[in-house]
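This briefing looks at one residue in its surroundings and then turns to the aromatic rings and the charges placed over them.

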Amino acid sequence: MKPNCYLLAILALAFINCSKMKKPLNIGHRGAMGHETENTMASVKKALELHVDRIEIDVFLIKSGELVVFHDEILDSLTNTSGRIEDFTFEELQKVIVKGNHRIPTLNEIIETIDKKVSLNIELKGKNTAQPTFELLEKYYQKGWNKEDFLISSFLWTELETFRKLDPEIPIAVLTEENPLKSIPTAKKLNAVAINPWWETLTKENVEAIHKEGFHIYTYTVNEPKDLKWVTELGVDGIFCNFPERLH
C-alpha cells in the first residue's frame, strides 16, 4: 500500500470510530446556570435558547403546599432573605429576591415554560416532595403530556420509593455521589431507567458494569471541555452541564 493510501486508511478508520461514538444528551443543569442564576425562569429560558435536550431543576415543598424550584435548603446564599425555604409560604416567597433580580418560580411555571419542547428532570430536593409532584404531573398528563416528558431523580431514595409506589411507569433515576455501583440494587428495586452519578466517580469499568445491568448513565456536573470529552468517550448517555453550548 502506498504511503498516502495508508494515511487515508487510518483517517477513514478514525472517522468510523468517531461516528460510532454515542452523542450524550445535553442536559441543562438547573437551566443554564453558567449564564443565568440557577433554577430561575431566566436560566430555564436560556437553556432552551441553547438547544438542550433536557433541563434539570430542583424542587422543595413549602409551608403553604406549593412546589417551588430552588436548590438550597437555606435561602441565605442566593437571595436577600434568610431561613429555610420549606418554612415560607408562597405569599412570603413572592417578596424574596434571588440574585440577579429574579424570583423563585413554582414547578408549574417551569413546566408551562418548557411546554414539552424538551424533557424535564425533576430532582426531588426536599422531603415529602414525591406525593405532591406526582399529583401535579397527573394534571399535565390530562393536558396531553406524557410520562416520558419527565424524569424523576433524587438523592433521597426514600422519596423515589414513594414515587414508584404512586406511579409504576414514570422514568426514575437514582442520584449518587459515591461509588455508582452501590446504587445498582436500589435502581433495580425501583425499576429505574438510569443512575445519575458524580462524574469524578466514573471509570471505564463501572460505566460498562452499569450499562450491562441495563441502566442509562446521566452524569453531573461536567463543565470543562477536557472533562466533557473524557466522559463522552466513556460512553455516558447524558451530561449535566452549566454551559450547554460546550456540549454542541
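E86 counts as buried, because its relative accessibility is 17% and the cut-off for buried is under 20%. The model is predicted, and the points below should be read with that in mind.

**Surroundings of E86**
- E86 is placed in the loop between β3 (67–69) and α3 (90–93), and its side chain makes a polar contact of 2.5 Å with the side chain of R84.
- When neighbours within four places in sequence are left aside, the residues in contact with E86 are F60, L61, I62, K63, E73, G126 and K127.

**Aromatic pairs**
- There are six aromatic pairs by the ring-centre rule; in one of them F134 and F163 have ring centres 6.2 Å apart and planes at 85°, so the pair is edge-to-face.
- F134 belongs to helix α5 (residues 130–141) and F163 to helix α6 (residues 157–166), so this pair ties together parts that are 29 residues apart in sequence.
- F134 is buried with a relative accessible area of 14%, and F163 is buried with a value of 0%.
- The rings of F155 and Y220, with centres 6.0 Å apart and planes at 90°, also form an edge-to-face pair, which links the loop between β5 (150–154) and α6 to the loop between β8 (216–219) and α9 (225–234), 65 residues apart.
- F155 is partly exposed at 35% relative accessible area, whereas Y220 is buried at 14%.
- Y140, Y141, W145 and F150 are linked into a cluster by ring pairs.

**Charges over rings**
- K143 lies over the face of Y140, at 4.7 Å from the ring centre.
- The charged end of R54 sits over the ring of Y218, 4.9 Å from its centre.

Terms used: Residues are numbered from 1 along each chain as its sequence is written. This is a predicted model: local features need pLDDT of at least 70, side-chain atom pairs count only at pLDDT 80 or more; totals for chains, interfaces and linings use all residues. Side-chain values use heavy atoms; hydrogens and water are left out. Helices (H or I, at least four residues) and strands (E, at least two) are DSSP runs, numbered from the N terminus. Buried means under 20% relative accessible area, exposed over 50%, partly exposed in between (1.4 Å probe, protein chains only). A polar contact is a pair of N or O atoms within 3.5 Å; within protein, one must be able to donate a hydrogen and the other to accept it, and residues adjacent in sequence count only if both atoms are side-chain atoms. Contact means heavy atoms within 4.5 Å. Rings of Phe, Tyr and Trp (its six-membered ring) pair if their centres lie within 6.5 Å; planes under 30 degrees apart count as stacked, over 60 as edge-to-face and the rest as tilted. A charge sits over a ring if NZ of Lys or CZ of Arg is within 6 Å of the ring centre and within 35 degrees of the ring normal.
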